Amino acid sequence: MSSKSDGKPNSKVANVIERYDLTGWGDRLEREWLGETGERTSLRDLADTFNRAVLAAALREAGEAVIEDDVASTYRVLTDDDVSRADALRKERELKRLGVDVEEVRSNFVTHQAIHTYLTKYREAELSDRTPDPDAKIETLERLEGRTAAVAESTLDGLVGAEAVTDRNYELFVDVRTVCEDCGTDYALVDLIRQGGCDCESGAAE
């Protein structure tokens, strides 16, 4: 990784903050990640929030009024895999007519990994030893699931090759799941961690 003249490592997030004059966003990202103003915000949520700010800044540069709900809707269309290609193309054409460089904006969207690198390497932020990092735990679980899937697939292929298992098209699933014993809801473990646990108690209290 190359370094800047001020001794800090290169950071895409820092470069995007400078590019769009997102003053104060570095402090905001750090505060929310550390939970200084309440509950900690996940890296994925921080990345989405930051990317919406990038899109809003690009719209302002094009002379457009920025409405938060419209920005959120546009961001979803540009990034959500569930949005049809036709809808995405319509939105891209609309933005281009407004003078927004869609390709540049997309290239300046950041991942949750980039946010983590920015916070820990560029800003040297650290979580308290007493504060577990859910995102790090999720990444560990996902790596373990990936390795388990690779071993399982190799094992199955070997057994099929040895004719110990019939030769068919098999689809493997490796998904660690958990069930809330209070309400019986079934979750993928990583989804449960992302949402901060089962919300059955809060639901029952309403």
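A pocket here is an open set of points on a 1 Å grid over the protein atoms alone, where a 1.4 Å probe fits and protein lies on both sides within 12 Å along at least five of seven lines; lining residues have an atom within 4 Å of a point. This is a predicted model, with local features needing pLDDT of at least 70, side-chain atom pairs counting only at pLDDT 80 or more, and totals for chains, interfaces and linings using all residues. Residues are numbered from 1 along each chain as its sequence is written, and side-chain values use heavy atoms, leaving out hydrogens and water.

**View A. The largest pocket holds about 360 Å³ of space.** That volume is the space filled by probe spheres set on the points, which are joined across faces, edges and corners. Of its 14 lining residues, Ser42, Asp45, Ile193, Arg194 and Gly196 sit nearest the centre. By class, the lining of this pocket comes out as 3 nonpolar, 4 polar and 7 charged residues (Ala, Val, Leu, Ile, Met, Phe, Trp, Tyr, Cys and Pro count as nonpolar; Asp, Glu, Lys and Arg as charged; the others, Gly among them, as polar).

**View B. The second largest pocket has a volume of about 180 Å³.** Look for Leu22, Trp25, Arg52, Glu68 and Asp69 among its lining residues. Its lining splits into 7 nonpolar, 1 polar and 4 charged residues.

**View C. Helices H4 (residues 68-79) and H5 (residues 85-97) pack at about 125 degrees, axes 8 Å apart.** Helices are DSSP runs (H or I, at least four residues), numbered from the N terminus. Axes are lines fitted to C-alpha atoms over the stretch in contact, with angles running from 0 to 180 degrees between N-to-C directions. Thr74, Val77 and Leu78 of H4 meet Asp87, Ala88, Lys91, Glu92 and Leu95 of H5 (contact: heavy atoms within 4.5 Å).

How values were computed. Helix = DSSP H or I, 4+ residues; strand = E, 2+ residues; numbered from the N terminus.
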